[in-house]
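Here is a report on one protein model. It starts from a single side chain and its partners, then widens to the whole chain.

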Amino acid sequence: MTEPGAGRREAERTEARDGRNIDPEIGALEGEASQQAVPSDRATVEGAVPYSVWGREPTQRPDGATYYDRPAIKEPVWIWAVPAYFYVGGAGGAAAVLGAVAQAADRQGFARLIERCRWIAAAGTASGTALLIYDLGRPARFLNMLRVFRPTSPLNVGSWILAAAGPLAAGSAAFAGSDGPVRRLGDLAGAGAGLLGGPLAAYTAVLVTNTAVPVWQAPRRTLPVLFVSSAASSAASLLELEELDERAHRVVERFGRLAKLVDLAATVAVEREAGRVDRVAQPLKEGLAGALWRAAKALTASSLMLSVLPGSSRAKRVSSGVLGTAGAVALRFAVWHAGTMSARDPRATFEMQRAGHGAAEVTGQVAASGSRGSRAV
């Protein structure tokens with residue numbers, strides 16, 4: 001005998017599901033991968049060309065076969081908060097380093113510069129933590145990453161760096177204008193934040209290059225350099241918007257010039273390293289990712305040109321700072337969009353492995369063979 005109302009409850013449970021056959025009353029979708037939603041219009045995505053099931057074995061093509069032209073890896077599930085975190089975390093880390101160096105060089109003479117650097121570092125780490133938690137969904141998931149310390153995991157190490165740098169940066173900023181023992185405590189916190197600032201700016205690049213996404217994995221030697229130099233450029237651009245004395249402005253200007261010069265050189269190096277396989281570098285040249293990548297280079301170059309022009313007017317510094325900031329933000333979003341495009345391209349994944357790059361450079365074994373006459377993987 002059927003229980004009264006059973007049919008209605010079953011209909012409600014079915015309606016609550018999202019296409020992945022998860023009954024919310026007995027199971028839960030948790031973790032970052034749970035954000036991979038099933039497309040609402042599956043007729044034009046899953047099951048459509050080129051996703052339809054093939055009725056015959058594909059012939060070998062001159063450029064090598066794939067798994068029926070379907071993506072070989074999952075695309076990243078990160079939302080916009082992650083590239084935003086890359087920017088604010090990098091800027092905060094670089095500012096912490098500059099503040100610590102200025103503190104060691106001349107604590108009294110650079111007092112204003114040190115204070116501004118500390119507040120940028122505090123704001124960057126605090127907003128970065130909020131953005132990371134927003135992407136994860138709830139604070140418990142961030143805390144779960146701190147249950148263990150795993151040196152082989154860039155994400156785990158980065159979480160510990162962020163968790164330590166945030167309180168140190170906040171404490172150094174809060175005690176920047178104090179005197180006596182409280183000021184010394186702030187200086188100690190500022191030095192600690194400065195030690196963690198470099199790893200904070202760099203670990204996100206190590207994180208993305210440690211994935212299977214071809215356009216992220218290929219430039220694993222040069223992308224960390226780009227992220228660090230762009231982080232320094234970001235901090236310098238933000239400081240250019242501040243009211244500082246002439247001596248501090250000269251320091252910031254020189255720091256920014258060097259950072260932007262290395263930034264532009266690193267973008268070329270990343271393009272060359274990713275371009276060892278033409279297909280892998282395509283996202284840096286096409287579509288939204290390519291447009292953002294070109295915009296980042298143009299904005300950073302314009303900021304650098306303004307900074308080397310003669311004169312020290314407020315308008316010149318602000319313009320340079322705005323252009324540099326826009327370039328740094330565009331760079332992080334270009335890398336994010338490029339990763340999504342690259343993961344969707346199965347030929348980029350296969351051609352990179354057949355060329356002997358990626359994991360093959362570490363293991364010495366090519367994962368997919370593209371020699372003539374060999375059977376398709």
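Arginine 116 is in contact with Leu239, Glu242 and Leu244, leaving aside its neighbours within four places in sequence. This is a predicted model. Arginine 116 is placed in helix H3, residues 111–136. Is arginine 116 buried or exposed? Its relative accessibility is 17%, and buried means under 20%, so arginine 116 counts as buried.

One of those contacts is also a charge pair. Glutamate 242 forms a salt bridge with arginine 116, with the closest N and O atoms 3.7 Å apart. Glutamate 242 lies in the loop between H8 and H9, and arginine 116 in helix H3, so the pair ties together parts that are 126 residues apart in sequence.

**Salt bridges**

The structure holds 13 salt bridges. Three of them are set out here.

| Glutamate 242 | Arginine 116 | 3.7 Å | 126 residues |

Aspartate 106 is partly exposed, at 23% relative accessible area. Arginine 247 is also partly exposed, at 37%.

Glutamate 271 has a relative accessible area of 25% and is partly exposed. Lysine 297 is partly exposed too, with a value of 25%.

Elsewhere, Arg107, Arg118 and Asp187 are linked in a network of salt bridges.

**Nonpolar cores and a surface patch**

Which residues touch the most other members of the largest nonpolar core? They are Trp78 and Trp293, in a core of 49 residues. Helix H12 (residues 314–344) gives the most to this core, with 9 residues. Another core lies apart from it and has 18 residues, including Cys117, Ala232, Leu239 and Ala259. Leu239 is also one of the contacts of arginine 116.

Tryptophan 293 touches Leu226, Thr267, Val270, Glu271, Leu284, Leu331, Ala334 and Val335, not counting residues up to four places away in sequence.

On the surface, Val225, Leu258 and Val262 form a nonpolar patch. Together they have about 250 Å² of accessible area. Valine 225 is found in helix H8 (residues 223–240). Its relative accessible area is 44%, so valine 225 counts as partly exposed.

**The whole chain**

The secondary structure comes to 14 helices and 0 strands. Buried residues make up 45% of the 377 residues. Among contacts between residues at least 6 apart in sequence, 70% join residues at least 24 apart. The accessible surface comes to about 18800 Å². Carbon and sulfur atoms account for 61% of that surface.

**Confidence**

The protein averages a pLDDT of 84, and 78% of the residues score at least 70. Over residues 369–377 the pLDDT is below 50. Beyond near neighbours in sequence, this stretch has 12 contacts in the model.

Key
Residues are numbered from 1 along each chain as its sequence is written. This is a predicted model: local features need pLDDT of at least 70, side-chain atom pairs count only at pLDDT 80 or more; totals for chains, interfaces and linings use all residues. Side-chain values use heavy atoms; hydrogens and water are left out. pLDDT is the predictor's confidence in each residue, from 0 to 100. Contact means heavy atoms within 4.5 Å. A nonpolar core is a set of buried Ala, Val, Leu, Ile, Met, Phe, Trp, Tyr and Cys residues joined through side-chain atoms within 4.5 Å. Buried means under 20% relative accessible area, exposed over 50%, partly exposed in between (1.4 Å probe, protein chains only). Helices (H or I, at least four residues) and strands (E, at least two) are DSSP runs, numbered from the N terminus. Patches are made of residues with over 30% relative accessible area and no salt bridge: like charges are joined within 9 Å, nonpolar side chains (Val, Leu, Ile, Met, Phe, Trp, Tyr) within 5 Å. Accessible areas come from the Shrake-Rupley method with a 1.4 Å probe; for residues, only the protein chains shown count as cover. A salt bridge is a side-chain nitrogen of Lys or Arg within 4 Å of a carboxyl oxygen of Asp or Glu.
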